[in-house]
Amino acid sequence: MSFEEYDKAQKLGKRAFRAKSLRGEYPYLPVLDDILSAAEIKGEMNLGLVDVPLGRIVGTSNVGRTYSFASNFMPILEFKTEFGSKWSALCDAHLEEGIRDPIKVYEYMNYYYVIEGNKRVSVLKYFDAVSIPAYVIRKVPKKTDDPENIIYYEFMDFYKVTKVNFVWFSKVGGFPKLLELTYPESNEQWTEDELMDFTSFYYNFEEAFREEGGAKLSDVTAGDALVTYLDFYGYEEVKNQMIAEIRQGISSIWQEIEMNADESPLDINLNPPAERKSIPILSQLLNPSPNASKPLNVAFIYDHEPSGSSWLYAHELGRNHLKEVFGDRISTLKVTVTDTDEAAIEVMEDLIENDGTEVIFTTTSELIDASFKIAVKYPNVKVLNCSINTQHRYIRTYEARLYEAKFLSGMIAGSLTGTNKLGYMADYPIFGSVANINAFALGARFVNPNAKVYLRWTTLKNETKESIRDEFLTEHIDYVSDQDLIVPDEASRNFGLYKLNKDGPLNVSMPVYNWGVLYERIINIIIKGQWNSSETDTLGKAVNYWWGIPSGVIDIILSNNVPAGTKRLVDTIKNLMEEEQFYPFEGIIVDQEGNVRNEEDDRMSADDIMRMDWLLDNIDGEIPEPSEFKEKAQTIVELKGVKKESSEDDHEDTVTG
């Protein structure tokens with residue numbers, strides 16, 4: 001019997017050996033000594049007896065045994081050798097009573113290299129065993145900025161809490177995200193029950209993922225897919241699922257999982273597509289244009305009452321614009337949800353199932369998860385969320401390029417200042433907002449090389465807008481960029497750009513969101529059959545509409561307090577922006593640390609502008625840690641913040657050099 005098994009294993013080994021050789025690759029087991037010769041090791045950690053996943057045992061610790069095995073750990077020596085006899089004897093022992101003696105391995109970057117027990121590993125891999133007990137010594141690499149190294153350090157933090165060593169990620173952030181999605185309150189090591197539950201679920205998930213075609217996604221690990229799955233369904237809801245149920249769940253969100261393999265998953269649409277003058281006859285037959293008897297049902301979801309928020313009030317004006325433009329061809333309604341994601345989901349389900357809602361706009365980034373879940377459940381409903389840098393194929397996102405108006409505001413402030421000190425009051429360091437700050441500073445420098453911008457955050461703990469204004473007055477800061485819009489329920493002139501006086505602000509200019517223009521263009525895309533058309537270049541992609549001054553979605557209003565010469569200059573630059581002949585983030589740009597972020601003849605990409613997490617060199621201020629903000633603000637910063645909480649290297653006390 002053992003001869004037959006050895007013969008089969010040897011054939012597998014020789015097949016792998018030939019395949020590697022034909023590709024010009026090393027056909028034997030990788031050797032850790034060779035790998036470490038080019039790596040800097042910080043020290044070693046003795047992990048004791050650990051159940052090691054066989055799938056992550058990839059090589060041997062030294063060259064002594066490597067030539068006995070192909071790269072897949074299958075034997076390549078002939079049966080009539082001492083090696084063949086010992087392998088066969090182990091095979092018989094495994095079939096009779098199982099291999100129980102632990103092996104000894106080094107672990108490096110969450111891969112394992114055998115010190116003692118190569119043949120035991122080979123036999124168990126041949127029989128498709130899942131794991132083997134092993135005494136593990138971890139080789140800890142020095143910390144670097146390499147993404148693989150960062151992922152490994154995240155893994156070590158994760159392992160300390162969970163003792164899980166069979167999950168891996170292709171991207172930074174996976175391990176902390178998985179911990180957050182499973183047992184986020186676990187400040188200490190997982191209990192045995194928690195570990196057992198997760199282990200059972202994970203191996204079911206891994207099998208279901210493979211059966212659904214996960215092996216074909218070369219750049220997506222089962223861990224990557226798992227995080228997407230848990231983020232959508234919730235761990236408590238799925239941890240007891242069987243393979244068939246998991247397969248069904250994976251199938252429902254497959255595009256979202258598949259997107260992890262896409263190098264450029266977000267299609268940033270900077271201008272509205274050219275509108276069709278007429279609707280094709282086939283489209284009219286399949287999707288008749290809305291009319292008074294059968295209007296297009298559109299819902300706007302707010303997370304609190306628009307009258308108490310300048311942001312939501314602007315969106316409400318946009319909804320009213322739709323009613324004026326389309327009349328009785330569309331039906332719009334607003335719904336305010338003030339509770340949880342579950343409440344928002346329940347409201348949207350009711351709108352779809354009972355009111356026939358066909359298009360949903362959720363107007364804050366906090367509603368992104370609820371929007372995503374509704375879009376997956378109701379694929380025929382068009383769901384759009386107001387946020388940027390969000391990669392979901394089942395929904396579309398939209399925002400406005402406010403930084404263009406902020407650049408113009410900075411020009412005005414830089415022209416008018418008598419002290420060369422300008423103030424900027426920001427709320428949250430989230431995607432897009434840092435670009436607004438930097439654009440204001442660039443605009444000020446554009447007309448005044450001596451202008452300096454003093455950045456302060458209004459949502460920090462123990463901070464108020466009043467205290468910031470008092471500080472600005474004391475520091476002789478004369479012009480301030482404050483909140484962009486008026487809050488209907490508040491009687492205040494502290495908005496837009498104003499001159500700061502002891503007796504009150506003197507308003508100078510104000511950026512304007514024309515959400516109605518954006519909503520009108522999106523509704524026309526839907527009505528004219530361009531939603532999934534190649535003309536919009538959006539098919540099969542995660543889409544973000546990020547429109548600005550050229551499309552009329554962003555504008556700026558100047559008061560009579562702006563001198564004629566300054567107004568003329570601003571109008572000239574704005575006209576160039578409209579014609580796409582001028583871009584704020586073009587030419588040499590240097591950050592606070594002296595790093596060149598953009599070269600003289602380059603124009604910064606939309607993706608780089610969205611993701612800015614640094615400040616210009618003429619800005620006094622910093623991007624705070626999420627924990628420095630007030631509790632309500634922390635929720636937003638943790639969701640869409642450009643800066644994650646920093647952590648110190650806490651491995652020093654557990655590593656021996």
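Biologist: Before we start, what should I know about the model and its numbering?
Modeller: It's predicted: local features need pLDDT of at least 70, side-chain atom pairs count only at pLDDT 80 or more, and totals for chains, interfaces and linings use all residues. Residues are numbered from 1 along each chain as its sequence is written, and side-chain values use heavy atoms, with hydrogens and water left out.

Biologist: OK, what's the strand order in the open sheet of 5 strands?
Modeller: β1-β5-β3-β4-β2, with mixed pairing. Strands here are DSSP runs of E, at least two residues, and helices are H or I runs of at least four, numbered from the N terminus. Two strands pair if DSSP finds at least two bridges between them.

Biologist: Which strands stand at the edges?
Modeller: β1 (41-53) and β2 (57-60); each has a single partner strand, so one side of each is left without a neighbour in the sheet. The twist averages 30° from one strand to the next.

Biologist: How many bridges join β2 to β4?
Modeller: 3, and the two strands run parallel, with β4 covering residues 111-116. Ile57 has Tyr112 of β4 as its bridge partner.

Biologist: Which helix lies across β1, β3 and β5?
Modeller: That's α5 (residues 147-162), running at about 125° to β5 (131-141). Contact means heavy atoms within 4.5 Å. Axes are lines fitted to C-alpha atoms, for helices over the stretch in contact, and angles run from 0 to 180 degrees between N-to-C directions.

Biologist: Now the sheet of 7 strands: what's its order?
Modeller: β18-β16-β15-β14-β12-β13-β21, an open sheet with mixed pairing. The edges are β18 (554-558) and β21 (619-620), each with a single partner strand, so one side of each has no neighbour in the sheet.

Biologist: How do β13 and β21 pair, parallel or antiparallel?
Modeller: Parallel, over 2 bridges, with β13 at residues 452-457.

Biologist: How do the axes of α16 and α17 cross?
Modeller: At roughly 35°, coming within 6 Å, with α17 at residues 433-447. Residues making the contact include Phe407 and Met411 of α16 and Phe440 of α17. By class, that contact has 12 nonpolar, 6 polar and 1 charged residues. Ala, Val, Leu, Ile, Met, Phe, Trp, Tyr, Cys and Pro count as nonpolar, Asp, Glu, Lys and Arg as charged, and the others, Gly among them, as polar.

Biologist: Changing topic, which helix gives the most to the lining of the second largest pocket?
Modeller: α7, with 5 residues.
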